[in-house]
Amino acid sequence: MTTYLVTGGCGFIGSNFIHYMFGKYGDEIRIINLDALTYAGNPENLEDVAGRSNYTFVKADITDKEAVRKVFAENSIDRVVHFAAESHVDRSIVEPELFVKTNVLGTANMLNCAKEAWDNGDGTFHEGRRFLHVSTDEVYGSLPEDNTSFFYETTPYAPHSPYSASKAGSDLLVKAYMDTYKFPANITNCSNNYGPYQFPEKLIPLMINNALNGRSLPVYGDGKNVRDWLYVEDHCRAIDLVIEKGRLFETYNVGGHNEKQNIEIVQTIIDVLREELPDTDPRKAKVTYDLITYVADRKGHDRRYAIAPDKIKKELGWEPETMFREGIRKTIAWYFDHMDWMEHITSGDYMKYYEKMYGDRD
Ligand code: NAD
Ligand code: TYD
C-alpha cells in the first residue's frame, strides 16, 4: 500500500487532492495529512474522509523539525505531496516575513526530513520514493499583453510579490536538492486554480460570496490583468500523473490555455449566478453588473500569466477536462450547496481581514 504524506491538506487544493485520491484509489492508498490549520486550513473540508481507516490527520507546522521527523520515523512514507504554504498575494504584501518562514524555511525542513528518512547512506535513496513540490506560475513573473508569449519550464524566474518570491525560493531549494543530492523530486508550476473549498479571499469565491450577499465586487485597477484559470480537479489529476509517470527531477508546467481578464471573470460570475438563481430568490435582483466597483490596484500587480502546457501534454498526455463555463457552473453550484461552509468561514476572523484589506480601497 502506497503511503502519501500530504502537507497543507486542509487547504483548498490539498483537500481537493485528498478527495481526488480517495475517489481514484480508495483503500489502495494511505494518506497522512500534515497541516498547521492556519486561517486557510479548514478541517471541515475533509469531514467526509476523516473517519476512514486509511486517513490520518496530524496537526503540525512544516517548520517544526521534530514534528515532521516524527511523522517520517513512525511511518514508511512513499510519497510527499507538498502543498502547505502561505498562498495569498495580498497577505504577502502586508506580512512578507511569514511567507519566507512558511514557504522557504518550511520547504527546507520538509526536504531535510524526507532526505534524512529516505537516505540509504551511500548517496542513494530508498527505491521509488518521490517528493512532489506544488508550485505556481507566479514564479515566472509577469508577461506582456501580447497574447503570444507564455511561461515554459525554461522561462527564467522573475517573481515580483513576496508570495511569488518565497515560492521561487522554495522551488530553487528543491532544484538544489535534486542537483546536489540527486534527491528524488519533481516540481509542478500551475496556473490559478478555482473550484470547491477555495477560501473567499481569492478572486472567484470572493466575488461569488459578495454577489450573493449584495456586496460590491472589488475589481483591482482597470480589471484587465490576465490570469490563466484551471479547474482544481484538473490540477489534482496532473499532480497524480507527475508523481506516477513524470520523469524524475523534471519540472512540469500545468495550465489549460484559459486566459481571462479579471473583469471577464467577474461578469461571467454575475451572468451564471443570474441564470442559476430562481426568479423567486430575493438575492437575484441585486446580482447585477452595478455591483462591480473598481478599487485601488494591488501593489506590484502582475499584468498577465499564461502557461504553455506543451511538456505535460506531450510527455504525460495531460489536458484539462473541465472547460471554463462548466467549471464556473460547477463551482457556483458547490457554493450554493455549501452556504453553511461559507458562513462558518466568514463569520469570524475573515470579516476582520476583509475590513482591513478593503476598508480603505473603495
Ligand atoms: P491554501 O492557502 O488554501 O492552503 C494552504 C494550506 O497550508 C492550509 O491548509 C494551511 O493551514 C496550510 N499551512 C499553511 N502554513 C502551514 C505551515 N506552516 N505548516 C503546515 N501547514 C500550513 O492554499 P492553496 O490555494 O490550496 O495552495 C496550495 C499550494 O498550491 C500552495 O503551495 C500554492 O503555492 C500552490 N498553488 C496554488 C494555486 C492556486 O491558484 N490556489 C495555483 C498554483 C499553485
Ligand atoms: P487572486 O485570486 O488573489 O490570485 P493571484 O493574485 O494569485 O493571481 O487574484 C486573481 C486576480 O484577481 C489578480 O489579478 C488580482 C485580482 N483581484 C481583484 O481584482 N479583486 C479582488 O478582490 C481579488 C482578491 C483579486
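**Strand pairing and the ligand shell**

Analyst: β4 and strand β5 (residues 130–136) pair in the parallel sense over four bridges. This is a predicted model, where local features need pLDDT of at least 70, side-chain atom pairs count only at pLDDT 80 or more, and totals for chains, interfaces and linings use all residues. Residues are numbered from 1 along each chain as its sequence is written, chains are lettered from A and ligands numbered from 1 in the order in which they are written, and side-chain values use heavy atoms, leaving out hydrogens and water.

User: Why are β4 and β5 called paired?
Analyst: Two strands pair if DSSP finds at least two bridges between them; β4 and β5 have four, so they qualify. H82 stands opposite H133 in β5.

User: What makes β1 and β4 a pair?
Analyst: Strand β1 (residues 2–7) is also joined to β4 by four bridges, in the parallel sense. L5 has V80 as its bridge partner in β4.

User: How do you know that A36 makes a polar contact with ligand 1?
Analyst: A polar contact with a ligand is a pair of N or O atoms within 3.5 Å. A polar backbone atom of A36 is 3.1 Å from a nitrogen atom of ligand 1, so the pair meets the cut-off. For I62, a backbone N or O atom lies 2.9 Å from a ligand nitrogen. V134 has a polar backbone atom 3.5 Å from an oxygen atom of ligand 1.

User: Which element gives the largest share of the shell around ligand 1?
Analyst: That is β5, with three residues.

Technical notes. Helix = DSSP H or I, 4+ residues; strand = E, 2+ residues; numbered from the N terminus. Polar contact = N/O pair within 3.5 Å; in protein donor to acceptor, adjacent residues only side chain to side chain.
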